[in-house]
Amino acid sequence: MDSKQSSWKGSLLLLLVLNLLLCKNVAASPACAGGAANCRLSLQDLFTRAVALSDNIYKVAEDTFRDFQKKYATGQEFISRAINSCHTSVIPTPADKDQALNTKSGTLLNAVRGLLRSWEDPLQHLTTTERDMKEFPVDMIRRVQEIEYKTHQLREGVEKIIKQVEPGVVNDDIFAAWSELSSLQKGDKNSRLVGFYNLFHCLRRDTNKVDNFLKILKCKIVHEGSC
């Protein structure tokens with residue numbers, strides 16, 4: 001092999017190596033945008049995404065409850081039959097903004113995670129039971145499916161935030177069991193609608209809590225309280 005051919009092959013090999021390195025570096029940035037498992041987003045980016053997602057979930061939950069109320073629960077008699085407490089009431093949460101601001105970030109994050117986890121089971125059953133209620137509008141069923149999917153995404157995002165805010169700390173997982181499935185499946189139609197009414201009411205309340213707490217946490221952690 002002459003020196004000219006050897007030099008050409010060496011240049012080609014160097015070019016291939018450089019291209020591989022370039023592709024690797026270029027791919028690194030979009031990987032974060034795509035949510036790759038090995039990607040470590042900044043705390044600010046994680047909070048920005050979490051707040052945007054929680055805000056959207058709350059708005060969809062609010063619209064769903066409002067539409068359900070208009071269609072099925074217009075009478076005072078119906079509303080009075082609904083349960084006054086939610087299954088997540090056992091989870092200690094700040095009563096207002098001032099209390100939330102004075103709550104330790106780790107404690108508030110655990111409360112958010114607890115609320116999200118406590119809704120996974122009822123949302124899963126809700127989407128299934130809704131499909132069996134033939135009179136439910138298709139768009140209402142789709143909204144609940146959207147809430148279920150995005151709540152799972154949000155919980156994953158909150159887990160990543162906790163790992164950065166409190167690295168190495170053992171999870172103090174709060175969880176509220178849900179035992180109202182029978183209220184959605186058994187009894188007469190009105191009794192089942194009361195169960196749905198209560199669940200949608202509690203879902204709106206808790207998604208609002210999660211949204212507000214995450215906004216306060218972003219203010220406290222990312223902006224160091226100056227917002």
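Mentor: Start with a pair of helices. This is a predicted model, and in it the axes of H2 and helix H8 (residues 189-221) come within 8 Å.

Trainee: At what angle do the axes of H2 and H8 cross?
Mentor: They cross at roughly 155°. Angles over 145 count as roughly antiparallel, so H2 and H8 are roughly antiparallel to each other.

Trainee: Is the crossing of H2 and H8 left-handed or right-handed?
Mentor: The crossing is left-handed.

Trainee: And which residues by class are in the contact of H2 with H8?
Mentor: That contact has 19 nonpolar, seven polar and six charged residues.

Trainee: Different topic. How many disulfides?
Mentor: The count is one disulfide. Cys 86 and Cys 202 form it, with their sulfur atoms 2.1 Å apart.

Trainee: Where in the chain are Cys 86 and Cys 202?
Mentor: Cys 86 lies in the loop between helix H3 (76-81) and helix H4 (97-101), and Cys 202 is in helix H8. The link is left-handed, with -90° about the S-S bond.

Trainee: Where is confidence lowest in the chain, and where is it highest?
Mentor: Helix H1 (residues 3-34) is lowest, at a mean pLDDT of 43, and helix H2 (residues 43-72) is highest, at 95. Over residues 3-31 the pLDDT is below 50, and this stretch has four contacts in the model beyond near neighbours in sequence.

Trainee: What about the chain's mean pLDDT?
Mentor: The mean is 80, and 74% of the residues reach 70 or more. Where pLDDT is low, the predicted coordinates should not be read in detail.

Definitions and conventions. Residues numbered from 1 in each chain as written. Predicted model: local features only at pLDDT ≥ 70, side-chain atom pairs only at ≥ 80, totals over all residues. Heavy atoms only, no water. pLDDT = per-residue confidence, 0-100. Helix = DSSP H or I, 4+ residues; strand = E, 2+ residues; numbered from the N terminus. Contact = heavy atoms within 4.5 Å. Axes fitted to C-alpha atoms, helices over the stretch in contact; angles between N-to-C directions. Parallel < 35°, antiparallel > 145°, perpendicular 65-115°, else oblique. Left-handed = near helix turned anticlockwise from the far one by under 90°. Nonpolar A, V, L, I, M, F, W, Y, C, P; charged D, E, K, R; others polar. Disulfide = S-S within 2.5 Å.
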